[in-house]
Amino acid sequence: MDDKIRFLIVSLEGESFALPITSLLEITVARNIQKDQKLSEIFEGKLDYRGKMIPVVNLKKVLKLPGNPGGGLIVVKSSKGVLGLLVDTASELLETTQKPFRMPLGVLNPSLHYYAGVLRNREDLVVLLNEDGLLP
Amino acid sequence: MMHNYLLFRIAERYLGVKLQGAIEILPWRRSRPVPLSYSYIEGIMEYRGTVYPVFHLAQVLGLTRTGPIGFTAHAPGGDALRKGQSIILLEESGKPFGITVDSVVKMARFEDPKDPPAEIKGFDMKLVKGIQFDDDQEITLLNFERLFYAG
């Protein structure tokens, strides 16, 4: 029986984050994004994804990181619908049998739901994003 | 009642924490920053299968200016000046955590202080348990019960 869990490792301003493969629909490059002034500043715009318009989220804006929007686009399904997420790079696939650690208490306001836990990838800690908690 | 305390130094001040349960002292290393964490959080680190939040204790105590909200704590001068500092890993009410200090001084035995002073100049008092003296050196003893509610 295969009890490995798989995560996509993405990079934002040099730090690694992970998304569960189970929510992943596509890894591509950011292009043909249509600006939409009605969307809030965390959105870069909208994109035609298989005939349907989906919002494209600038993850650096969500996480208050500096820098330009990433050039990589990750399409995920979430409880808020299908989303495009801009990242700097999608670097590798992490296959692991470890369960994610919980984010330790005291690190951030418990009302924030951006993270689903912490993973170890070789010597590094990777913050696991919660695709269902990225949008307000 | 007498207890063992670990004495350490931050910003020319001597501080102490009561020794209870496991304690680890590590050379300072860069923690993994977490976006949107409290400004006094340096990041998280893993040690022997446990993930610790690492508190920039000088900032928690108000001994340095805090950074902008939403950004992880960074010392002036960058990581290079942190060499020589230490991270102490502790536990409070079952919650593991780490603190960064300039240097670990020694262990000492003290009577538990009765009452904290009303004020110490330049010091946020929420973690202060009391004052003791070791060879005429004033030691501020800390209690981390309120650390997790410091935000």
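Arg6(A) and Glu95(A) bring their side chains together in a salt bridge, with N and O 2.7 Å apart; the term covers a side-chain nitrogen of Lys or Arg within 4 Å of a carboxyl oxygen of Asp or Glu. Arg6(A) sits in strand 1 (residues 5-12) of chain A and Glu95(A) in strand 8 (residues 89-96) of chain A, so this pair ties together parts that are 89 residues apart in sequence. Counting over all chains, the structure holds 15 salt bridges.

A word on ground rules: this is a predicted model, so local features need pLDDT of at least 70 and side-chain atom pairs count only at pLDDT 80 or more, while totals for chains, interfaces and linings use all residues. Residues are numbered from 1 along each chain as its sequence is written, chains are lettered from A and ligands numbered from 1 in the order in which they are written, and side-chain values use heavy atoms, with hydrogens and water left out.

- Helices (H or I, at least four residues) and strands (E, at least two) are DSSP runs, numbered from the N terminus.
- Glu13(A) is partly exposed at 39% relative accessibility, whereas Lys60(A) is buried at 3%.

**Where the chains meet**

- At the A/B interface, 24 residues of chain A are in contact with 20 residues of chain B, contact being heavy atoms within 4.5 Å.
- The two chains bury about 1,800 Å² between them, 69% of it on carbon and sulfur atoms. Buried area is the accessible area (1.4 Å probe) that two parts lose on being put together, summed over both.
- Glu15(A), Val107(A) and Leu125(A) supply 30% of the area that chain A buries against chain B, more than any other three residues.
- The rule finds 3 salt bridges across this interface. One pairs Glu46(B) with Arg120(A) (2.6 Å, N to O).
- Arg30(B) forms a salt bridge with Glu15(A), their closest N and O atoms being 2.4 Å apart. This pair crosses between chains, from the loop between strand 3 (24-27) and strand 4 of chain B to strand 2 of chain A.
- Arg30(B) is partly exposed at 47%, while Glu15(A) counts as buried at 18%.

**Hairpins**

- In chain A, strand 4 and strand 5 run antiparallel, joined by 6 bridges; two strands pair if DSSP finds at least two bridges between them. Asp48(A) has Met53(A) as its bridge partner in strand 5 of chain A.
- That hairpin has 2 residues between the strands, and Arg50(A) takes a positive phi near 50 degrees. Gly51(A) lies in the loop between strand 4 (43-49) and strand 5 (52-58) of chain A, and is exposed at 69%.
- Strand 5 of chain A also runs parallel to strand 7 (residues 81-87) of chain A, with 3 bridges joining them.
- In chain B, strand 4 and strand 5 (residues 50-55) pair in the antiparallel sense over 6 bridges, and Arg48(B) in their 2-residue turn has a positive phi of about 50 degrees.
- Strand 4 (residues 41-47) of chain B has 7 of its 7 residues buried, so it is largely enclosed by the rest of the structure.

**Sheet and cores in chain B**

- An open sheet of 5 strands has the order 8-1-2-10-9 in chain B, with mixed pairing. Its edge strands are strand 8 (103-111) and strand 9 (128-134), each pairing on one side only.
- Within it, strand 1 (residues 2-10) and strand 2 (residues 13-18) of chain B pair in the antiparallel sense over 6 bridges, and Leu6(B) has Val17(B) as its bridge partner.
- The largest nonpolar core has 59 residues, of which Phe8(B), Leu57(B), Ile99(B), Leu142(B) and Phe144(B) touch the most other members. Such a core is a set of buried Ala, Val, Leu, Ile, Met, Phe, Trp, Tyr and Cys residues joined through side-chain atoms within 4.5 Å.
- A second, separate core of 8 residues includes Trp28(B), Tyr47(B), Val54(B) and Ile87(B).

Methods
Buried < 20%, exposed > 50% of the residue type's maximum accessible area, 1.4 Å probe, protein only.
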